Amino acid sequence: MPENTAPEDIAVVWLRHDLRLADNPALAAACAQRRFVVPVYVWDEHGPFAKGGAGKWWLHHSLTALSRDIAGRGGKLILRRGRGLERILQIVSEVGAGHVYWNRRYDPDGIAEDTDLKSRLKEQGRRATSFNASLLREPWELETKTGGFFKVFTPFWKTLQGAGPARPDEEDAPQRIAAPAHAPDSDDIESWRLLPTRPNWAAEFADHWSPGERGAEARLDAFLDTAVDGYPDDRNRPDLPATSRLSPYLAFGEIGPHQVWRRTMARIEAQDAPADAAMKFLSEIAWREFSYNLLYHYPDMGAAPIKPAFDAFPWRDDDDAFERWTKGETGVPIVDAGMRQLWRTGWMHNRVRMIVASFLTKNLLIDWRRGERWFWDTLVDADPANNVASWQWVAGSGADAAPYFRIFNPITQSEKFDPNGDYIRTYVPALSQLPAKEIHAPKAPDGPGAGGLGLDGGPDYPAPMVDLKETRARALSAYDVIKAS
DNA sequence: TGAAATGTTGGGGCG
DNA sequence: ACGCCCCAACATTTC
């Protein structure tokens, strides 16, 4: 540390799920208040919220982009590996920083670590300052009339609309992120080996995604330009490019909900977008907020059902069935298409997520937590609040969940939301020659050589692994077990 | 942000 | 012309 640099002049900014320069309150405050700024990302591969495989692919590219963007403004992104709290304390001491800035986390482990770090820094005579970058309102801000937190989405959404976002004005990206004369060492990101090699299951990811802040902005602009008008009608159609596909960018904080909110509202005000369609889109952003609201108030919800009655639910242990589900070999076309889209692209359309989740938890009676873990490992948008809240919603154990008896019929859903079968054809090539009428529930060929689909278990496409009617009835009687308690 | 079973209605074929 | 049956089409109830 140069002798003429006082601790007051140096800030460490600990970046986590806020990998952007624009509208980043912690980074903006550090740059405005301190002469030198040291942005840090810590990769904790053993942490409870370490990213799964697909998330690591994304993280690699996101950090590469962020590092370049920071360098473009005179700064240097420091990469370290290990436990976050320890590495931050280490870097703070290396550079002699008097201040640490970060944007808040809301998962219980993140909160605990941040609380711990704050007191450790205080003991050392350093200041820690935290901000809100990732939520429109803090989870403790919105309250019901009786002073509690919201457990039902609709009143939550009404209240959120009334309150509006906490920061109505955009926080510009800092002009300059001045690195200290002797910047601390940084790992080379290649040494983290975040990218898959053998097999390279992410080979196709780059065709679908451009991680990083610029990619996020382009995605939002493209959505607002072309798809928001049709959003209310088409958002449930996996065969159409009708959704924003912002979820991974939001999960990594390459864009924040404030930016989405402001730009969408600006389109409404400029009459570039119909208000009802645009607000329908924002209500989906609000589902994300609602999930964080739930996670904050039910910190254990990743491990335990919100409705305690579900503790006694008779889930089946069936490794073989679970594996067929993960591989997209259930014999139910829409389910298999979804699971293969997930594997190939790191993402799945939301309507199809509900269908495959219903199939797993109801037709197969497999614990939602197994599905949640699989999604965590394979989704590029894996998010500790959204993922868990959505699984509990489908399973029926969540706060504002679908009633357990609301069991999807995957074939009916397929006919309704993929009417021409185009989505199935994209991800299940074995069925690509079937007409729309047959593709949702292919019939086994009558005689030898009749179709070559192999629906009786042959090589091309399997017969349905379960009878939908029977397993529906089985799910309902399983529900009777806990309904009585 | 269901689906299936059951109930109701009304048009048309038919003796 | 009339009653009867069938069955979409829609509504309601149940899980």
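**Exercise 1.** How many nonpolar, polar and charged residues does the surface near DNA strand B have?

*Solution.* The model is predicted: local features need pLDDT of at least 70, side-chain atom pairs count only at pLDDT 80 or more, and totals for chains, interfaces and linings use all residues. Residues are numbered from 1 along each chain as its sequence is written, while chains are lettered from A and ligands numbered from 1 in the order in which they are written.

Step 1. Sort them by class (nonpolar: Ala, Val, Leu, Ile, Met, Phe, Trp, Tyr, Cys and Pro; charged: Asp, Glu, Lys and Arg; polar: the others, Gly among them). The surface near DNA strand B has 6 nonpolar, 3 polar and 1 charged residues.

**Exercise 2.** Describe the packing of α13 against α17.

*Solution.* Step 1. The axes of α13 (residues 333-345) and α17 (residues 410-417) come within 8 Å and cross at roughly 75°. Helices are DSSP runs (H or I, at least four residues), numbered from the N terminus; axes are lines fitted to C-alpha atoms over the stretch in contact, with angles from 0 to 180 degrees between N-to-C directions.

Step 1. The two helices, α13 and α17, are therefore roughly perpendicular (65 to 115 degrees).

Step 2. From α13, Pro333, Ile334 and Val335 meet Pro410, Gln413 and Ser414 of α17 (contact: C-beta atoms, placed from the backbone, within 7 Å). This contact of α13 with α17 comprises 4 nonpolar, 2 polar and no charged residues.

**Exercise 3.** Describe the packing of α3 against α4.

*Solution.* Step 1. Helix α3 (residues 84-95) and helix α4 (residues 108-123) have axes that come within 10 Å and cross at roughly 30°.

Step 1. Helices α3 and α4 are therefore roughly parallel (under 35 degrees).

Step 2. Gly84, Leu85, Ile88 and Leu89 of α3 make the contact with Glu113, Asp116, Leu117 and Arg120 of α4. By class, the contact of α3 with α4 has 4 nonpolar, 1 polar and 3 charged residues.

**Exercise 4.** Which helix gives the most to the side of domain 1 that touches domain 2?

*Solution.* Step 1. Chain A is divided into domain 1 (7-133), domain 2 (134-169 + 212-297) and domain 3 (308-483), with bounds from an automatic or database domain assignment.

Step 1. The C-alpha centres of domain 1 and domain 2 lie 25 Å apart. Their contact takes 18 residues from domain 1 and 19 residues from domain 2.

Step 2. Helix α2 (residues 53-71) gives the most to the domain 1 side, with 6 residues. That side of domain 1 has 8 nonpolar, 5 polar and 5 charged residues.

Conventions. Angles under 35 degrees count as roughly parallel, over 145 as roughly antiparallel, 65 to 115 as roughly perpendicular and the rest as oblique. Two residues are in contact if their C-beta atoms, placed from the backbone, lie within 7 Å.
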